[in-house]
Amino acid sequence: MTIQIIIDGGADVPSSFIDQHNIKVVPLNLHFGEEQFKTGVDLDLADFYRKLKAADELPRSSSPSPNDFYEAYKSVDPDTPILNLALTQGLSSTYEHAEMGKQMLLEEEPDRQIAVLNTKTASCGLALLTDDAVKRIEEGMSFEELVPYMEERSEKATTLFVLKTLENVIKGGRLDRVKGTIAKTLNIKLLMKATEVVGDIDVTEKVRGNKKAVRRLVEQIGEYTSDFEDKVIAISHCNDEKNAQDLRDRIKAAYPFKDSILTEMGPLISTYSGEGGLVVAFYKD
């Protein structure tokens, strides 16, 4: 491709798409006790789920180092512009480290063209943006045109979550244990959204029962957009492909999206969503 796209371990993009379009991935780090793993490199999903179920505490995550990004940038042909679509700054220092790695390389090679975007999204939200960027590059959009276009697209990207289990948000300290126990007893499901200002995660609604939660998730899509014909819906799941496919079918029955992307969450997002978690991403009007 005429422009190199770089993403990180917070992006859940189908591996076939990554391979087809030569996208570079800078992995994040997961720490199980004293053990450290790089997502997608020395920890596959099967091993991740096995270790997660056996662990008393959630693994800690850490962003790639500035040098990790420096090495990724440096591996790209100097004449090829680079677009880095970074995990939301609201959840991680990944964006800041990507910027630091960029400055490290520009000190050596000041003529490099590198743009780092705080996408304000994660998981399949980054799959949505990556798919969009690839299409624009294939259409012949220049780097100077692509960067502001993707900045605008990042502002339009809407990311919604529904959690089937509260175990991980309780373990991770994102939900008070007493409130979490009550919510589990009452079969409460959390509907969540990536915020528009900084891209962190807010609880938007609490719904009793998984079926009602999924139904409400589908309804929410129509509250953000009424123009579907030229839009793509992206869906990611945590070890629950059947329910993700069912969700895609429900969405397609309700709204005439042009196309869809279905992908599995990587270890980073799965750590917080818990098994059965679902994420949808699309562009609001």
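Guide: Contact here means heavy atoms within 4.5 Å. Helices (H or I, at least four residues) and strands (E, at least two) are DSSP runs, numbered from the N terminus. Axes are lines fitted to C-alpha atoms, for helices over the stretch in contact, and angles run from 0 to 180 degrees between N-to-C directions.

This is a predicted model: local features need pLDDT of at least 70, side-chain atom pairs count only at pLDDT 80 or more, and totals for chains, interfaces and linings use all residues. Residues are numbered from 1 along each chain as its sequence is written, and side-chain values use heavy atoms, with hydrogens and water left out.

Now the part itself: the parallel sheet. Four strands make up this open sheet, ordered E2-E1-E6-E7. Two strands pair if DSSP finds at least two bridges between them. At the edges stand E2 (24–26) and E7 (114–118), each pairing on one side only. On average, neighbouring strands are turned by 20° against each other, direction ignored.

Take one pair. E1 (residues 4–8) and E6 (residues 82–86) run parallel over three bridges. Gln4 stands opposite Ile82 in E6.

Two helices cover strands of this sheet. H4 (residues 94–108) lies across E1, E6 and E7, at about 170° to E7. H6 (residues 143–156) lies across E6 and E7, at about 5° to E7.

Look at one residue of H6. Glu145 sits in this helix. Glu145 counts as partly exposed because its relative accessibility is 46%; buried means under 20% relative accessible area, exposed over 50%, partly exposed in between (1.4 Å probe, protein chains only). A polar atom of the Glu145 side chain lies 3.0 Å from the backbone nitrogen of Ser142.

Next, the packing. A nonpolar core is a set of buried Ala, Val, Leu, Ile, Met, Phe, Trp, Tyr and Cys residues joined through side-chain atoms within 4.5 Å. The largest such core has 48 residues, and Ile5, Ile7, Leu83, Leu85 and Met150 touch the most other members. Helix H5 (residues 124–138) gives the largest share, eight residues.

Follow Leu85. Neighbours within four places in sequence aside, its contacts include Ile5, Ile7, Leu117, Leu126, Leu129 and Met150. Asp8, Thr119 and Thr130 are also among them. Another core, of 20 residues, lies apart from the largest one; Ala213, Ile233, Leu278 and Phe282 are among its members.

Methods. A polar contact is a pair of N or O atoms within 3.5 Å; within protein, one must be able to donate a hydrogen and the other to accept it, and residues adjacent in sequence count only if both atoms are side-chain atoms.
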